[in-house]
Amino acid sequence: MPHIHELNDFTTSAFILHPTEPKLLLLKHRKIGKWLQPGGHIELDENPLEALHHELEEETGLKPSEYDIIAQPEQPNPGGGITRLPIPFYFFQHNYNETHKHIDLSYLVRAKTTKITDNPDGADAIEWLTLMAIRELYAAGDLFSESLSVCEWIFKHHI
């Protein structure tokens with residue numbers, strides 16, 4: 001989806017844990033040319049969870065029934081018709097370019113299957129990667145240092 005606002009857009013993404021092996025699913029973003037977690041813009045007619053579901057299906061082939069969001073600490077349940085959304089495990093802002101920023105709600109999910117698409121939307125490649133492979137991508141200049149830091153944190157705390 002194109003940018004909604006000229007200065008800032010909200011996005012959602014997911015770091016996806018392999019169901020059985022110590023690996024994360026990353027894709028090589030076609031426009032940026034770097035390996036990233038799948039995700040994209042939150043459209044005006046959806047909440048972050050709806051956006052996460054459609055972005056993961058478009059970019060990885062994973063349907064919502066094929067992964068679980070790793071729950072963050074409990075939150076109040078006030079009832080009254082309020083839609084409670086999962087709390088992202090990582091919430092950050094980054095520069096998309098010199099004049100535009102993305103505010104990303106990033107979730108940690110565990111896939112229930114290893115089957116992923118061969119044709120990820122907006123990406124040149126998609127792959128389950130070990131921490132060693134992720135570090136090699138960084139050393140080759142194919143991964144942002146911030147992405148490496150998050151991946152290393154995930155491997156330390158969740159794998």
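This report covers the aromatic contacts of a predicted model.

Local features need pLDDT of at least 70 and side-chain atom pairs count only at pLDDT 80 or more, while totals for chains, interfaces and linings use all residues. Residues are numbered from 1 along each chain as its sequence is written, and side-chain values use heavy atoms, with hydrogens and water left out.

**Ring pairs**

Rings of Phe, Tyr and Trp (its six-membered ring) pair if their centres lie within 6.5 Å; planes under 30 degrees apart are stacked, over 60 edge-to-face, the rest tilted. The count is 4 aromatic pairs. Two of them are tabulated here.

| Pair | Centre to centre | Angle between planes | Class |
|---|---|---|---|
| Phe-15 and Phe-89 | 6.0 Å | 90° | edge-to-face |
| Phe-89 and Trp-153 | 5.8 Å | 25° | stacked |

Phe-15 sits in strand β1 (residues 8-17) and Phe-89 in the loop between β5 (67-69) and β6 (90-95), so their pair ties together parts 74 residues apart in sequence. Trp-153 belongs to helix α3 (residues 145-158), so its pair with Phe-89 ties together parts 64 residues apart in sequence. Helices (H or I, at least four residues) and strands (E, at least two) are DSSP runs, numbered from the N terminus.

**Accessibility and cluster**

Buried means under 20% relative accessible area, exposed over 50%, partly exposed in between (1.4 Å probe, protein chains only). Phe-15 is buried at 2%. Phe-89 is buried at 16%. Trp-153 is partly exposed at 39%. Phe-15, Phe-89, Tyr-90, Phe-92 and Trp-153 form one aromatic cluster.

**Charge over a ring**

The charged end of Lys-34 sits over the ring of Phe-144, 5.4 Å from its centre. The rule requires NZ of Lys or CZ of Arg within 6 Å of the ring centre and within 35 degrees of the ring normal.
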